Amino acid sequence: MSRPEDSLPPDLFYNDTESRKYTTSSRIKNIQASMTHRALELLDLTFPSLILDVGCGSGLSGEILSDVPPDEGGPHVWVGMDISSSMLAQALDRDVEGDMLLADIGQGVPFRAGSFDAAISISAIQWLCNAESSDVSPDGRLKRFFDGLYASLRRGGRAVCQFYPKNSQQRSMISNAAIKAGFGAGILEDDPDTKSLKVYLVLTVGGGDITGTVGGLADVDVQGARRKERKRGVEREKKGSKAWIMRKKGQMEAKGKVVKATSKYTGRKRKIAF
């Protein structure tokens, strides 16, 4: 069975017909509700929160966020963003409570820093791994998304992204992009080795403890430690050393900036002249 993201970009795939089918399917609504409740369990919110719903679609997850009872930390206020105008039209027709924005998450998350207490995403971020044109890269889209998501969450905030990776390489691409953005990250699998496999990327910002978030749960792969190891390696580079200069020049070249050519004198200390 072909995957939707392999056929068309999401704004074209979810046209009026597909959006209506998705929203009215009792099977899809039950699956979406189950995954949203699981995401809320992983967020572990103890107070009414402002939540960003990434790839909110027709508001199926948002309705659940609005209906969380007070004894479970709710109700929550949510803001959704989605690239499909047809999906958002379905949400408006259903009169959901959240505010919604027509936006491409691959271009970033356009909110003020620290705006949200938490974020969820159900069946959306795997679409970032498909480039619709030769001048758009999946790596660039993932970077812009996770950089923007990290900035939009308050310190100590959490995000849970359920997604369907095509393969292990795509799964690693997504989790590594989140780690590079600064998140502590863990992968949780529900129903592993079955056709009902669900993959959740659990993310924490700043003071959040990813180990505590998913501690005690089965089939958890905590990945945040990789970032700490890499950071310690960078800190051992002495500022002004040849290795430090070469790394900085590589970063500048990657941004398309012109840098001076490397020579045998690069990074060499000059003798003090009297």
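Student: Leaving aside neighbours within four places in sequence, which residues is Gln170 in contact with?
Tutor: Contact means heavy atoms within 4.5 Å. By that rule, Gln170 touches Arg3, Gln126, Cys129, Tyr164 and Pro165, once neighbours within four places in sequence are set aside. This is a predicted model, where local features need pLDDT of at least 70, side-chain atom pairs count only at pLDDT 80 or more, and totals for chains, interfaces and linings use all residues. Numbering runs from 1 along each chain as its sequence is written, and side-chain values use heavy atoms, leaving out hydrogens and water.

Student: Is Gln170 buried or exposed?
Tutor: Buried means under 20% relative accessible area, exposed over 50%, and partly exposed in between (1.4 Å probe, protein chains only). Gln170 has 8% relative accessibility, so it counts as buried.

Student: How should I read a salt bridge?
Tutor: Look for a side-chain nitrogen of Lys or Arg within 4 Å of a carboxyl oxygen of Asp or Glu. The structure holds 9 of them. Glu5 and Arg3 pair up at 2.5 Å, N to O, and Glu5 is buried at 8% relative accessibility.

Student: What about Glu189 and Arg171?
Tutor: Their side chains form a salt bridge at 2.4 Å, N to O. Helices (H or I, at least four residues) and strands (E, at least two) are DSSP runs, numbered from the N terminus. Glu189 sits in strand β6 and Arg171 in helix α7, so the pair ties together parts 18 residues apart in sequence. Glu189 is buried too, with a relative accessible area of 19%.
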